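Hi everyone, thanks for letting me take a few minutes today. Let me put the structure up, and then we can walk through it together.

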Amino acid sequence: MSRGRTALAVGPLLFLAVLFVWPLGRVLALGLVGAEGGPLAPVAAVLTDPALRGAAWFTLWQATLSTLLTLAVGLPVAAVLSRLEFRGRRTVEAAVLVPFVLPTVVVGAAFVALLGALPGDVPRRGVVPILLAHAFFNVSVVVRTVGGLWQHLDPTPALAARGLGATPLRAFAVATLPRLRPAIAAAAAVVFLFTFTSFGVVLVLGGSGAATLEVEIHRAATRFLDLRTAAALSVVQLAAVAATLAAYGRLRRRTGTERLRRSAAARRPPRTAADRAAVAAALGLLAVLQGAPLAALVLRSLRVGDGWGLAHYRTLDAPTREAVLAVAPLEALANSVAIATAATAIALVLGLSAAVAAAGGSRLARLADGALMLPLGTSAVTLGLGLLLTFRSGPLAGRGSVLLVPLAQALIATPFVVRTVLPVLRGIEDRLREAVATLGATPRRVRREVDLPIVSRAGLVAAGFAFAIAVGEFGATVFVARASNPTVPVAIERALGLPGAVNLGRALALSVLLAALTGLVVLLVDRVRVGAVGRF
């Protein structure tokens with residue numbers, strides 16, 4: 001049985017070697033070795049180019065400001081949700097997580113709709129919209145990471161400090177903040193990584209004057225056809241991401257053990273005016289930052305001239321006249337569903353195989369488990385560039401193949417399948433299998449009678465994860481999707497880049513449909529999951 005489980009790791013490892021290791025190696029080779037000038041010449045050329053150096057600097061400081069803004073919003077919300085028990089708290093906690101799973105281009109479209117609806121000459125693109133969109137996305141990271149620890153902390157030290165005469169702020173600083181600092185630092189590192197590698201949001205909201213490394217990689221590869229510069233920029237970004245991940249790893253190791261309590265025991269009802277004001281302020285922050293863009297997206301999609309209606313939705317079944325979007329938007333939606341379904345099937349096969357193998361504990365299985373997480377540490381744009389470089393000919397030839405898009409999406413979705421199913425497999429007690437085996441069941445029947453019923457529910461959750469990720473994937477898809485066969489995120493980005501109210505209305509209507517589809521999948525997953533398994 002252990003040999004059979006180990007053999008299941010071979011398929012995922014081969015898939016990873018062909019779709020990740022090989023393409024990433026092509027990017028590194030092209031970016032590190034120049035045709036002239038020897039090793040590191042492309043990277044040196046990038047670092048000495050003032051425009052590209054400016055993009056690297058913008059990437060760094062916008063990620064820093066985005067992280068600070070996210071912490072400024074997320075920490076008060078985490079404090080309220082983790083320490084106070086009020087009516088509707090669970091609904092608010094779930095609502096905070098929804099923006100995190102929305103496709104990046106949908107969020108970009110939502111802020112275009114919001115800022116365009118504000119009175120005065122408010123720019124719809126630039127640094128401020130980017131920072132707000134990043135905070136919109138990543139508040140849930142702070143709430144989950146910091147609030148997840150905060151709600152279990154024993155409040156006794158803070159109460160003791162108050163009893164000795166300390167003000168609430170002083171008690172927090174001396175008794176609570178030191179214990180939260182590792183979680184805050186870890187959340188900051190994750191948010192910084194997400195915003196440093198942000199692509200869809202910056203591409204939609206950045207305009208011509210705000211470009212990150214991700215955007216410059218895309219421009220160099222697709223607009224200027226300068227693959228060497230794109231590869232060199234990817235190398236620079238990979239180095240920065242590796243440094244961030246190393247810092248995050250050190251922060252995780254430094255996290256100490258704390259005296260924890262059940263979350264319900266750590267919460268109390270809001271008794272004072274200050275408590276009620278804190279709840280109102282937290283809800284107000286969330287309403288402005290997360291509720292307003294989504295409301296504006298829906299309302300602007302229904303705005304037709306000086307009135308209201310479904311005109312923008314009715315035009316989705318007709319192709320645009322512009323060559324950059326040659327298919328009907330609803331056809332792009334059908335493409336997305338079909339491609340995401342195929343990607344989900346591939347990710348399930350690979351992820352379930354890797355999870356079953358990893359549960360067996362062999363060395364090869366552990367290698368597959370760890371290796372399948374590597375795509376999560378690499379930006380989707382770099383993955384897309386690698387696939388474009390690698391499959392310029394053959395059956396998977398870049399933009400000429402409909403197979404490469406679901407394979408690219410499956411590459412990104414598979415790690416989530418593994419992380420969803422593996423804890424369930426490892427949680428099955430051996431005594432259950434032994435009890436069935438003592439009744440004469442074969443190993444195959446043991447798996448069918450014991451493992452399958454338990455794992456099937458986790459498999460449904462994993463399928464929801466994979467589909468939600470695939471249907472909204474943009475960074476890698478934009479490199480390998482055919483112009484005549486776009487997915488919805490690609491179609492939204494192209495429509496937003498075209499002039500005219502009709503194209504804007506179509507982009508917003510498509511964004512609403514994609515957001516609704518993603519939200520429906522999230523709700524279904526939340527109903528199917530058991531406990532914390534499969535929580536977004």
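Predicted model: local features only at pLDDT ≥ 70, side-chain atom pairs only at ≥ 80, totals over all residues.

Residues are numbered from 1 along each chain as its sequence is written, and side-chain values use heavy atoms, with hydrogens and water left out.

A pocket here is found on a 1 Å grid over the protein atoms alone: it is an open set of points where a 1.4 Å probe fits, with protein on both sides within 12 Å along at least five of seven lines, and lining residues have an atom within 4 Å of a point. Of its 32 lining residues, R83, W150, P168, R268 and D275 are the closest to the centre. By class, the lining has 24 nonpolar, two polar and six charged residues. Nonpolar covers Ala, Val, Leu, Ile, Met, Phe, Trp, Tyr, Cys and Pro; charged covers Asp, Glu, Lys and Arg; the others, Gly among them, are polar.

Now the whole chain. There are 24 helices and two strands, taken as DSSP runs numbered from the N terminus (helices H or I, at least four residues; strands E, at least two). Of the 536 residues, 52% are buried, that is, under 20% relative accessible area with a 1.4 Å probe, protein chains only.

Helix α23, residues 488-496, is mostly covered, with nine of its nine residues buried. Among them are charged ones, E493 and R494.

Of its 119 residues, L19, L205, L385, F479 and I492 touch the most other members, and α19 supplies the largest share, 13 residues. L19 touches residues including L387 and L411, with contact meaning heavy atoms within 4.5 Å.

Finally, T420 sits in α19, residues 404-427. Is T420 buried or exposed? T420 is buried, because its relative accessible area is 5%. Its side chain reaches the backbone oxygen of F416 at 2.7 Å.

Technical notes:
Buried < 20%, exposed > 50% of the residue type's maximum accessible area, 1.4 Å probe, protein only. Polar contact = N/O pair within 3.5 Å; in protein donor to acceptor, adjacent residues only side chain to side chain. Core = buried A, V, L, I, M, F, W, Y, C linked by side-chain atoms within 4.5 Å. Lists of a residue's contacts leave out its neighbours within four places in sequence.
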